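Hello,

Here is the structure I promised to pass on. My notes follow below it.

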Amino acid sequence: MDRIPILRMGDFLLVTIQVDMHDRLARTLQDDLTEKIERTGAKGVLIDISALELVDSYIGRMIANTSAMARILDAQTVVVGMRPAVAITLVELGLSLSGVDTALTVERGMQRLRTRLGRTDSADDHHQE
Amino acid sequence: MTITKSDVIAIRSEHDIVLARQNVRRVAQDIGFGIVDQTKIVTAASELARNTVVYGQGGEMRWEVVEDGAKRGLRLHFVDQGPGIADLSRAMTDGWTSGKGLGLGLSGSKRLVNEFEIDSAPGRGTRVTITRWK
């Protein structure tokens, strides 16, 4: 079964969605991400959707749910790279993703996560016990 | 109004929802839709194809390139023989869902297109037709 890879960088997780996801793949990603947060104790999750040409209500709900689940598991999520046409369409569709933190680029998303976690140093050399 | 090109694809599984989006994207590009128009009609198609699979027990999507004078557009018909919808006006309300969705499929896709028609009754299946003009 196909899966979307989740990369670990220190205590951040990075997901880059590069395929047109069918519904089951979106559900699998949601499950894999929450499981990986729990297993690694990750504090931040970055979801890069810059390659996505479409976010419909199903994928939108997956993104909102993942972000809410991560928060409950003590991790912050930032969704980065949404294309303008996708943003326009999502809002007209009726989904504003109001509980989801977003940034324009991966770099800014990383910065946002660090700020929110009260850090100024880089993520990968920082370990807390 | 004339139909200059058309085709039908089966919509039976989650995978067919992806195929429907790809087909609609390709045709929308062929007739020169801009990126926002493409995204809107493809997203509407995704919502309606999912309804066909989840609530209509499968069916088909017919796409048509239509011309009306100087206007050119893309028209999509989603047809299923499923249980049908008893209360259409309620089904068109944001947030109303008979299942596990968000209830944005019909109302949301209507906002993404220029024309929207729905015909459904219990036991007669559902037919949704949408058109987006260039």
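**Two helices of chain B**

H1(B) and H2(B) are roughly antiparallel to each other, a label for angles over 145 degrees, where under 35 is roughly parallel, 65 to 115 roughly perpendicular and the rest oblique. Their packing angle is about 155°, with the axes 9 Å apart. Axes are lines fitted to C-alpha atoms, for helices over the stretch in contact, and angles run from 0 to 180 degrees between N-to-C directions. Helices are DSSP runs (H or I, at least four residues), numbered from the N terminus.

This is a predicted model: local features need pLDDT of at least 70, side-chain atom pairs count only at pLDDT 80 or more, and totals for chains, interfaces and linings use all residues. Residues are numbered from 1 along each chain as its sequence is written, while chains are lettered from A and ligands numbered from 1 in the order in which they are written.

Residues of H1(B) that meet H2(B) include B:Ile17, B:Ala20 and B:Val24. On the H2(B) side, B:Ile41, B:Val42 and B:Ala45 are among them.

**Where the chains touch**

In chain B, 23 residues are in contact with 18 residues of chain A (C-beta atoms, placed from the backbone, within 7 Å). Helices H1 (14–30), H2 (35–54) and H4 (105–111) of chain B each give two or more residues to that side. H2(B) gives the most, with nine.

**Confidence in chain A**

Mean pLDDT (the predictor's confidence in each residue, from 0 to 100) is 91 for chain A, and 91% of its residues reach 70 or more. Over residues 123–129 of chain A, pLDDT stays under 50.

Best wishes

Key: Contact = placed C-beta atoms within 7 Å.
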